[in-house]
Amino acid sequence: MMSAALLTGTPLADRVAVVSGASSGMGAVTAERLAELGATVVVLARRKERLDSLVKNIEAAGGTALALAVDVTDRAAVQSAADQVAERFGKADLVFNNAGVQLISGIEELKVDDWQRQIDLNITGLMNVIAAFLPHLTDSAAQGKAADLINTSSIAATRILAKFSIYSGTKAYISHLTRLLRVELGPKMVRVATIEPGMVDTELPDPDASKLMADLIHDIDCLQSADIAETVAFMAAVPRHVNLTEITIMPTAQAI
């Protein structure tokens, strides 16, 4: 398989990037790529040991990174993380709002705990990150810097898929929220965007979702985390007046 890397040099030098959901998968690989392209990277997730390992890898490659073990559903903890970022590196100007969970089930199974977990992480967690770091982004933009809020949605935001009701609902919220935020933040030169990936070969906590992924991987060449990472990096690297607002990323062979 060809490398996903297209950017060269350090187009993200002097940027301070925050990546949530960074302990594995798309978040971890994106954090590494942003650091490789010159950004100082702060990684957020609950699993501190994984974050520490990620930071070691980034530093071994010559990058600068900081791990902050944070549950994004805890508003006060996310705000504390934002304060630590400002104190250590100055204001963040690139936020990859990526934490999320996918738990699929038929609606009549009434897995209400799974419903709530997805709402708490995919919606409330996303909003907590926005609340904590939006002042960073608006300040950065006011100083003439590039400022990016990139939210992770999914093609599930628009596809009608059985057993994905709650997950798809949370992702539809993210995609539409992003469109609305642009109305307010675009005139302030804060770029707001969503990525909507199709099937990505990444870690999923739900056995049903993992089996679905495993079956599909046998049939099609799925996206890799590096593909998402390069897309996020490109969105942040384009000139300040350019906002790539919604990017749907599909495996070429995925039909639905």
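D14 lies in the segment before β1 (16–20). Strands are DSSP runs of E with at least two residues, helices are runs of H or I with at least four, and both are numbered from the N terminus. This is a predicted model, where local features need pLDDT of at least 70 and side-chain atom pairs pLDDT 80 or more, while totals for chains, interfaces and linings use all residues. Residues are numbered from 1 along each chain as its sequence is written, and side-chain values use heavy atoms, with hydrogens and water left out.

The phi angle of D14 is near 75°, a positive value in a residue other than glycine. D14 is exposed, at a relative accessible area of 75%. Exposed means over 50%, buried under 20%, and partly exposed in between, for a 1.4 Å probe and protein chains only. M189 also has a positive phi, near 70°, and is likewise not a glycine. M189 sits in the loop between α5 and β6 (191–197). Its relative accessible area is 30%, so M189 is partly exposed.

## Helix α1 and its partners

Helix α1 (residues 25–36) packs on helix α2 (residues 48–60). Their axes come within 10 Å and cross at roughly 25°. That makes α1 roughly parallel to α2. Axes are lines fitted to C-alpha atoms, for helices over the stretch in contact, and angles run from 0 to 180 degrees between N-to-C directions. Under 35 degrees counts as roughly parallel, over 145 as roughly antiparallel, 65 to 115 as roughly perpendicular, and the rest as oblique.

A28, A31, E32 and A35 of α1 meet L54, N57 and I58 of α2. Contact here means heavy atoms within 4.5 Å. By class, these residues are five nonpolar, one polar and one charged. Ala, Val, Leu, Ile, Met, Phe, Trp, Tyr, Cys and Pro count as nonpolar, Asp, Glu, Lys and Arg as charged, and the others, Gly among them, as polar.

Helix α1 also meets helix α7 (residues 225–237). Here the axes come within 8 Å and cross at roughly 50°. α1 and α7 are therefore oblique to each other. On the α1 side, the contact includes G25, M26 and V29; on the α7 side, S225, A226 and I228 are among the residues. The contact of α1 with α7 has eight nonpolar, three polar and two charged residues.

## Helices α4 and α5

Helix α4 (residues 112–142) packs against helix α5 (residues 165–185) at about 20°, with the axes 9 Å apart. The two are therefore roughly parallel. Among the α4 residues in the contact are W115, I119 and L126, and the α5 residues include I166, Y167 and L177. The contact of α4 with α5 divides into 14 nonpolar residues, four polar and one charged.

## Buried aromatic residues

F133 belongs to helix α4. F133 is buried, with a relative accessible area of 1%. Beyond residues up to four places away in sequence, F133 touches V18, L44, V78, A81, A82, V85, A92 and V95. A82 is 51 residues from F133 in sequence, yet their C-alpha atoms are 6.2 Å apart.

Rings of Phe, Tyr and Trp (its six-membered ring) pair if their centres lie within 6.5 Å; planes under 30 degrees apart are stacked, over 60 edge-to-face, and the rest tilted. There is one aromatic pair by this rule. The rings of F164 and Y167 have centres 6.4 Å apart and planes at 65°, so the pair is edge-to-face. Both F164 and Y167 are buried.
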